[in-house]
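Subject: Structure for your review

Hello,

Please find the structure below. My notes on it follow.

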Amino acid sequence: MRAAFYSNYGDPQVLSVGEVTEPKVGPDSVLVAIRATSVNPVDWKIMAGYLEGILDVHFPVVPGWDVSGVVEAVGPAVEDFKVGDRVLGYVRMDFVQHGSFAERIAAPFRTLAHLPASIGFSDAAALPLAGLTAYQGLVHALKLQQGETVLISGGAGGVGTFAIQIARALGARVITTGSKESAEFLASLGAEPILYGSDDLEDTVRKLAPSGLDGLLDLYGGSDLVALTPVVNDQRRIASVADASVRARGGHYVFVRPDRDDLDALVRLVESGSIRPIISETYDLDHASDAFASNTSGHTRGKIVVTI
């Protein structure tokens, strides 16, 4: 089958497209004909070797964890899916090798959810990793409630755009950091944008939220996390996807996990119109390296999708 793959660590130029071994369908696996996937920063960070110390990587690697497509076969122990079903999933395994930038993938059934016909494959491919990260951070870690005020750092990216919309769907007030260029876009999602990295960030937030923040979802770490931490009323209601040190202060470190119930909840939010995937660019598989290169710029608005 055709796939994008790399045989050594490096920049997006190490990614090539060619034939790889067909996936094996185990007893609890589902063979999915992939229609679309998407790029996440973790994909190129793994490819660059940044996560060598925490993830087992077996070359050659087909990158990618986001999947949308159609079931082609099911393992004998699988009862939840059948051939012809439309599915989406965050297909993360315990090692890195068989990813979603390919024509097919053998996905553990626990990583998949049913995809209704009302949601297109490209929108579905943008949803799993970024959407689950936002949902698990806001709902499970912060337990965000209606009427509360939450700050989401870096709202214009893949996780941030979903987080803003999910928080608004929960009935929360959302403040978010971003660039001057993204302010209008962030406001269109229902957030109150402020400039990231500013010297007076803490004072700016205190003026907007004199009673303090009920929660903070940190997507980037660094100086903004340091500046914003004192504004959060309860340090246990800080969640970060970038800095595990928040745990020492009683907060939560969020490393997204496959979860079908959470995926189902996200699908319902999309179906109801409460959230929508923001897709900035679309590439085909032959131009997967260009998709990676675009994402490494750090200025992606929403998600970059690759169709198969």
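The accessible surface of the protein chain is about 13,200 Å², and carbon and sulfur atoms hold 49% of it (Shrake-Rupley method, 1.4 Å probe). This is a predicted model, in which local features need pLDDT of at least 70 and side-chain atom pairs count only at pLDDT 80 or more, while totals for chains, interfaces and linings use all residues. Residues are numbered from 1 along each chain as its sequence is written, and side-chain values use heavy atoms, with hydrogens and water left out.

Overall dimensions: the radius of gyration of the protein chain is 19 Å, which agrees with the value near 19 Å for a compact globule of 308 residues (C-alpha atoms; 2.2 Å times the number of residues to the power 0.38). Along the principal axes, the C-alpha atoms fill a box of roughly 55 × 40 × 35 Å.

The protein chain has nine helices and 17 strands (DSSP runs: H or I of at least four residues, E of at least two). Of the contacts with a separation of 6 or more, 68% join residues 24 or more positions apart (heavy atoms within 4.5 Å).

Of the 308 residues, 54% are buried (under 20% relative accessible area, 1.4 Å probe, protein chains only). The largest nonpolar core has 71 residues, of which I46, F101, L138 and I166 touch the most other members (buried Ala, Val, Leu, Ile, Met, Phe, Trp, Tyr and Cys joined through side-chain atoms within 4.5 Å). Helix α3 (residues 128-141) gives the most to this core, seven residues. Another core, of 14 residues, lies apart from it and includes L151, I194, L228 and V232.

Regards

Definitions and conventions:
Buried means under 20% relative accessible area, exposed over 50%, partly exposed in between (1.4 Å probe, protein chains only).
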